Amino acid sequence: MDAKFKVKVEITSQFVSYSSENDQDEYVFSYTAIITNQTYTTIRLLKRDLKVTNGDNEVFRLDGNGVLGQRPYIGPSESFSYSGGVIIETPVGLVEGIYTMVTQEGDSFEVVIPEFRVAVPNSIH
């Protein structure tokens, strides 16, 4: 949660077995993010920057304007959710990042996307 602007981010992830090609080292994961505005003012999500680390410690970035082609406004006490995905070459990985936001008053700020694990079920002992 961002200390100054009180934005809460919750992430859940799951393995997408029907889209994965395990024998070709292509593991597909989906995730759902819920962003809750706990401030007094409307905010807008401008940019997303994700850092994805696979099980071999290889890192790549996914970034772009908004999320899924949207730059949503989120009013006070409102939430916005979206689903996305990552493809990695190992059965486990970590994802973390930053959202860049702006208030309706024009104040820019960043919100941490908390680290979350992506993993094929039963691959972590």
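Modeller: A residue counts as buried when its relative accessible area is under 20%, and by that cut-off 40% of the 125 residues of the chain are buried. Please keep in mind throughout that this is a predicted model.

Colleague: What makes Asn-54 buried rather than exposed?

Modeller: The relative accessible area of Asn-54 is 8%, and the label requires a value under 20%; Asn-54 is therefore called buried.

Colleague: Where does Asn-54 lie, and which residues does Asn-54 touch, leaving aside those up to four places away in sequence?

Modeller: Asn-54 lies in strand 3, which covers residues 43-54. With residues up to four places away in sequence left out, Asn-54 touches Ile-88, Glu-89, Thr-90, Val-92 and Gly-93.

Colleague: Why is the pairing of the side chains of Asn-54 and Glu-58 called a polar contact?

Modeller: The term asks for a pair of N or O atoms within 3.5 Å, one able to donate a hydrogen and the other to accept it. The side chains of Asn-54 and Glu-58 are joined at 2.8 Å, which is within that limit, so the pairing is called a polar contact. The side chain of Asn-54 also has a polar atom 2.8 Å from the backbone nitrogen of Asp-56.

Colleague: What makes Phe-15 count as buried, and in which strand is Phe-15 found?

Modeller: Phe-15 has a relative accessibility of 18%, and since the cut-off is under 20%, Phe-15 counts as buried. Phe-15 belongs to strand 1, residues 7-15. Beyond the residues up to four places away in sequence, Phe-15 touches Ser-20, Asn-22, Tyr-27, Val-28, Phe-29, Ala-119, Val-120 and Pro-121.

Colleague: How far apart are Phe-15 and Val-59 in space?

Modeller: Their C-alpha atoms are 19 Å apart, and in sequence Phe-15 and Val-59 are separated by 44 residues.

Colleague: How many helices and strands are there in the chain, and what share of the contacts with a separation of 6 or more comes from residues 24 or more positions apart?

Modeller: The chain has eight strands and zero helices, and along the sequence this reads β-β-β-β-β-β-β-β. Of the contacts with a separation of 6 or more, 64% are between residues 24 or more positions apart.

Notes:
Residues are numbered from 1 along each chain as its sequence is written. This is a predicted model: local features need pLDDT of at least 70, side-chain atom pairs count only at pLDDT 80 or more; totals for chains, interfaces and linings use all residues. Side-chain values use heavy atoms; hydrogens and water are left out. Helices (H or I, at least four residues) and strands (E, at least two) are DSSP runs, numbered from the N terminus. Buried means under 20% relative accessible area, exposed over 50%, partly exposed in between (1.4 Å probe, protein chains only). Contact means heavy atoms within 4.5 Å.
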